[in-house]
Every structure is written in structure tokens, then in C-alpha cells.
Amino acid sequence: MNIQLQTERLKLTPCSEQSLSTYATDEFEIGPHIEMYLEEVKEDASVIGWGVWLVIDKQNNKIIGDLGFKGKPDAEKSVEVGYGITTSEQNKGYATEALKCVFEWAFNFNSVEKIKAECLRDNTASIRVLEKLNMQKSKTDNDMLYWQLNK
């Protein structure tokens with residue numbers, strides 16, 4: 001499955017060995033979540049789109065971060081999202097722009113009615129992103145804030 005989404009400034013493509021080698025930069029670190037996802041895809045290709053997406057700057061064709069869902073929609077028709085942008089590219093609106101795009105993609109499926117997220121209570125940058133996406137705080141637990149957006 002070759003999915004690619006585009007925004008004004010970004011290309012979003014599901015993470016794969018090929019896309020990593022095509023767009024990789026020194027600043028972008030391949031974290032354990034990416035390695036786990038690549039292993040998962042080898043076992044079950046249907047997770048493509050419901051895992052890690054690479055965020056690519058259209059101007060220089062380099063990875064500036066990643067985001068994605070923590071698995072396929074569950075029985076409650078919800079998915080959880082996570083995201084990160086490389087330090088040098090933060091505070092430029094890329095996370096909001098990229099997430100808005102994958103949210104629209106996910107909500108096009110009948111199997112998704114709710115998108116959830118969580119962040120640390122003191123992560124003001126993430127809180128701003130989630131608020132801009134009209135996500136609502138659903139719960140607070142110690143240091144964590146939980147968010148959701150309904151279709």
C-alpha cells in the first residue's frame with residue numbers, strides 16, 4: 001500500500017525501510033518505536049497507516065519528525081496518536097499541520113470515530129498543538145493529561 005498525504009509544507013508517508021533511507025537526516029533519530037513498527041509491518045502489512053508516519057519537509061525532502069497511531073482502531077472505534085518533531089524544526093506549526101492531515105485521513109474510515117492523545121502536564125508545546133486541533137481534555141492523572149477528538 002503506497003499512501004502519501006500532503007499539506008502545504010509537508011509530505012507524510014508511512015514509515016518503511018525504503019522511506020527512511022530515502023529521506024533520512026543526521027538530526028532525525030530512529031527511535032525504538034520505529035524499529036518495533038518496522039518489525040510489526042513484516043508480520044502484518046495491514047498496520048500500514050495505523051503506525052508511524054514520517055513527516056518530510058517538501059522544501060528539502062528531509063525527515064523533520066514522525067507521528068502516527070499506536071495501532072489500528074479498537075472496538076470503541078478509537079485510535080491513539082503520538083508525535084515528535086526534531087528540535088531544530090519545533091515551534092513552526094509542523095506538528096499541528098501534520099496531525100490535522102492524518103486526523104482527516106483517519107476520520108475517512110468508518111472504523112474511526114475518536115482520536116486520543118496523551119502528554120505530560122508540563123509539556124506546553126504539545127498542549128498547544130492538541131488545543132489547536134480542537135482536542136478536548138478528557139482526564140488528568142498525576143503528571144499526564146489525556147485528550148480526545150470525536151468525529
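Predicted model: local features only at pLDDT ≥ 70, side-chain atom pairs only at ≥ 80, totals over all residues.
# Salt bridges, rings and a hairpin

The side chains of lysine 70 and glutamate 80 come together in a salt bridge, 3.1 Å from N to O (a side-chain nitrogen of Lys or Arg within 4 Å of a carboxyl oxygen of Asp or Glu).

Residues are numbered from 1 along each chain as its sequence is written, and side-chain values use heavy atoms, with hydrogens and water left out. Helices (H or I, at least four residues) and strands (E, at least two) are DSSP runs, numbered from the N terminus.

**Salt bridges**

- Searching the whole structure turns up seven salt bridges.
- Lysine 92 and glutamate 89 make another one, at 3.0 Å from N to O; here lysine 92 is partly exposed at 39%, but glutamate 89 is buried at 17%.
- Glutamate 104 and lysine 100 also meet in a salt bridge, at 3.7 Å from N to O.
- Both of these residues belong to helix H3 (residues 94–107), four residues apart, or about one turn of the helix, and glutamate 104 is partly exposed at 46%.

**Nonpolar core**

- The largest nonpolar core counts 49 residues, and those with the most contacts inside it are Trp53, Phe69, Val102, Phe103, Ile115 and Met135 (a core is a set of buried Ala, Val, Leu, Ile, Met, Phe, Trp, Tyr and Cys residues joined through side-chain atoms within 4.5 Å).
- H3 gives the most to this core, with 10 residues.

**Aromatic pairs**

- There are six aromatic pairs in the whole structure (ring centres within 6.5 Å, using the six-membered ring for Trp; planes under 30 degrees apart are stacked, over 60 edge-to-face, the rest tilted).
- Tryptophan 50 and phenylalanine 109 have ring centres 5.3 Å apart and planes at 65 degrees, so they go down as edge-to-face.
- This pair spans 59 residues, from the loop between helix H2 (32–43) and strand E3 (52–57) to the loop between H3 and strand E6 (114–120).
- Tryptophan 50 is buried at 9%, whereas phenylalanine 109 is partly exposed at 33%.
- Phenylalanine 69 and tryptophan 105 sit with ring centres 6.5 Å apart and planes at 25 degrees, so that pair is stacked.
- Phenylalanine 69 is in strand E4 and tryptophan 105 in helix H3, so the pair ties together parts 36 residues apart in sequence; both residues are buried.
- Trp50, Trp53, Phe69, Trp105 and Phe109 form one aromatic cluster.

**The E7–E8 hairpin**

- Strands E7 (residues 136–141) and E8 (residues 144–150) pair in the antiparallel sense over five bridges (pairing takes at least two DSSP bridges).
- Two residues separate the strands of this hairpin, and asparagine 142 in the turn has a positive phi of about 55 degrees.
- Lysine 139 stands opposite tyrosine 146 in E8, and the charged end of lysine 139 sits over the tyrosine 146 ring, 4.7 Å from its centre (NZ of Lys or CZ of Arg within 6 Å of the ring centre and within 35 degrees of the ring normal).

Notes: Buried < 20%, exposed > 50% of the residue type's maximum accessible area, 1.4 Å probe, protein only.
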